[in-house]
Structure formats: structure tokens, C-alpha cells
Amino acid sequence: EDKVVQSPLSLVVHEGDTVTLNCSYEVTNFRSLLWYKQEKKAPTFLFMLTSSGIEKKSGRLSSILDKKELFSILNITATQTGDSAIYLCAELSGNTGKLIFGQGTTLQVKP
Amino acid sequence: GAVVSQHPSRVICKSGTSVKIECRSLDFQATTMFWYRQFPKQSLMLMATSNEGSKATYEQGVEKDKFLINHASLTLSTLTVTSAHPEDSSFYICSASTGETQYFGPGTRLLVL
């Protein structure tokens, strides 16, 4: 059964800190891995990763995929209070086209 | 970018009534839409996959007669919660697939009294 596991489940940091969120997966037919940010409403898309070793970057956020070790990380540098949210990692199954979500990491950035 | 809308954003209803939620992809055509449910402090749980012009595929444990899904066009899918009960109170989110990425609607908060 396909599975996605995120760690840590929650994290509290101060503004300016750098954080690394982890996502590991076990899938039978991998297609891509996606990161989302969820605040009070529905998730907003951050990154889609399909190839190993290629870093995707958007401002202070970056992410990379390791298909050999079956994990991905999401880095946030110089965190701000507006980064406080739940970060969701999901694997897009090549078999079904469905997203399989991890439990999410709740990040709180204190001023 | 791809935009998905949901309506209504929030609904309060009495137990036993039915509630319809609409999901629209505004600037792209989505052959597949997905419906999720999210309880507080939990991740998204897939309820069903909706393909245009065909019957929805429901996940294990989701009652198809209670959660009616209609995908009438490439830009619209609807979820009807029939005879809603308080335990159906949740955050319902749809997503529309471009084939490579899923884009989420803003969600509908349902409260059944």
C-alpha cells in the first residue's frame, strides 16, 4: 500500500531560523511528489518534483527529491511569521492519478 | 495559474437536510476532479474521484448513496451530502487535475446542527 510519512509532525521556531521538513514515501508506481502549504483554507501548491537531485526554488523556499532513498525535503530559510502553516507532502500515484498525503507538518514561526 | 473555485465557502444546515457543494475549474478543463474531507488537525482524506461523463469512484468506507457526485462538464463537479448528520460536519475540499498537478479549491466548511 502506498504511504507517505512526514516529519516532524510539528515544529516551533523563531523568525529568521531555517527549517527543514522531511517527507518519505513508499509507492508502487511513483509519478511525482508535491508540496503544499495549508493555512486556514485549502492547500496551495508549492512544488512538484519528478526528478532526483534537481532543486526547485521559490524565494525562501526550496525543495529537492531523492528517488533512490525515497524522500524529499522542503527548506525554508529566514522564516517569517507568515510561514506559519501546515505543510503537506503528497505523492501522485502513477497507477491511479490520486494524491496520497502525508500527515502534514505544522510549523509555527514566533516573532 | 490554475484557479479552482468552490461554492459555498461555508454552510450551516439542520440534520436531515441535503447540501450541494460546487467545484469549478475556472481557467482550465479538468477531466478528473477529486473530493476530499478534512477533520480538524488531520490531513486530507480522499473521498472520491470524479471523471467527466462517468460515475465517480469512491474510496473504501465512503458511502456513495450519501455523498452523491456529479461531474457534468469539464469544469464543474458537484458533491451532494444527502440527509446530513452532525458527524458529517467537516471541511470539504475539491481539486481539479491538469494531469500532472492537482489544484485545490478554497474548501467548504459544513456544520450540521
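Which residue's side chain meets that of B:Arg24 in a salt bridge? Hold on to that one; point 6 comes back to it. Here are some friendly notes, written with the reminder that this is a predicted model.

1. **The contact between the chains.** Let me start where chain A and chain B meet. Chain B brings 20 residues to the contact and chain A brings 19. Together they bury about 1,400 Å², and 56% of that area comes from carbon and sulfur atoms.

2. **Charged and polar pairs across the contact.** The count between the two chains is one salt bridge. A:Lys98 and B:Glu59 form a salt bridge, with 2.5 Å between the closest N and O atoms. For polar contacts, the count between chain B and chain A is six residue pairs, both residues being at pLDDT 80 or more. Four strands of chain B, namely β4 (32–38), β5 (45–51), β9 (90–97) and β10 (102–104), each give at least two residues to the side that touches chain A. Sorted by class, that side of chain B has nine nonpolar, eight polar and three charged residues.

3. **Strand β4 of chain A.** This strand covers residues 30–38 and is mostly covered, eight of its nine residues being buried. It has strand partners that you can trace in the model. With strand β9 of chain A (residues 85–93), β4(A) runs antiparallel, joined by eight bridges; here A:Ser32 stands opposite A:Leu92. With strand β5 of chain A (residues 44–49), β4(A) pairs antiparallel over five bridges, and A:Lys37 has A:Thr44 as its bridge partner. The link from β4(A) to β5(A) is a hairpin through five residues.

4. **Two residues of chain A to look at.** A:Trp35 sits in strand β4 of chain A. Is A:Trp35 buried or exposed? Its relative accessible area is 0%, so A:Trp35 counts as buried. In sequence A:Trp35 and A:Leu88 are 53 residues apart, yet their C-alpha atoms are 5.7 Å apart in space. A:Lys37 is the other one: its side chain meets that of A:Glu39 in a salt bridge, at 3.9 Å from N to O. A:Lys37 has 15% relative accessibility and therefore counts as buried.

5. **Strand β9 of chain B.** Eight of the eight residues of β9(B) are buried, so the strand is largely enclosed by the rest of the structure. In a regular strand, side chains alternate between the two faces of the sheet. Both faces of β9(B) are covered, with B:Ser90, B:Tyr92, B:Cys94 and B:Ala96 on one side and B:Phe91, B:Ile93, B:Ser95 and B:Ser97 on the other. The strand pairs antiparallel with β4(B) over seven bridges, where B:Trp35 stands opposite B:Cys94. It also pairs antiparallel with β11 of chain B (residues 108–112) over three bridges, and there B:Tyr92 stands opposite B:Thr108. With β10(B), β9(B) has three bridges, again in the antiparallel sense, and B:Ala96 has B:Tyr103 as its bridge partner. In the hairpin of β9(B) and β10(B), with four residues between the strands, B:Gly99 takes a positive phi near 105 degrees.

6. **Salt bridges within chain B.** Over all chains the count comes to five salt bridges. Back to the opening question: the side chain of B:Arg24 meets that of B:Glu22, at 3.4 Å from N to O. B:Arg24 is partly exposed at 33% relative accessible area, and B:Glu22 is partly exposed at 25%. B:Asp88 and B:Lys66 form another salt bridge, with 2.9 Å between the closest N and O atoms. B:Asp88 lies in the loop between β8 (76–81) and β9 of chain B, and B:Lys66 in the loop between β6 (57–58) and β7 (67–73) of chain B, so the pair ties together parts that are 22 residues apart in sequence. B:Asp88 is buried at 5% relative accessible area, and B:Lys66, at 12% relative accessibility, also counts as buried.

Technical notes
Residues are numbered from 1 along each chain as its sequence is written. Chains are lettered from A and ligands numbered from 1 in the order in which they are written. This is a predicted model: local features need pLDDT of at least 70, side-chain atom pairs count only at pLDDT 80 or more; totals for chains, interfaces and linings use all residues. Side-chain values use heavy atoms; hydrogens and water are left out. Contact means heavy atoms within 4.5 Å. Buried area is the accessible area (1.4 Å probe) that two parts lose on being put together, summed over both. A salt bridge is a side-chain nitrogen of Lys or Arg within 4 Å of a carboxyl oxygen of Asp or Glu. A polar contact is a pair of N or O atoms within 3.5 Å; within protein, one must be able to donate a hydrogen and the other to accept it, and residues adjacent in sequence count only if both atoms are side-chain atoms. Ala, Val, Leu, Ile, Met, Phe, Trp, Tyr, Cys and Pro count as nonpolar, Asp, Glu, Lys and Arg as charged, and the others, Gly among them, as polar. Buried means under 20% relative accessible area, exposed over 50%, partly exposed in between (1.4 Å probe, protein chains only). Two strands pair if DSSP finds at least two bridges between them.
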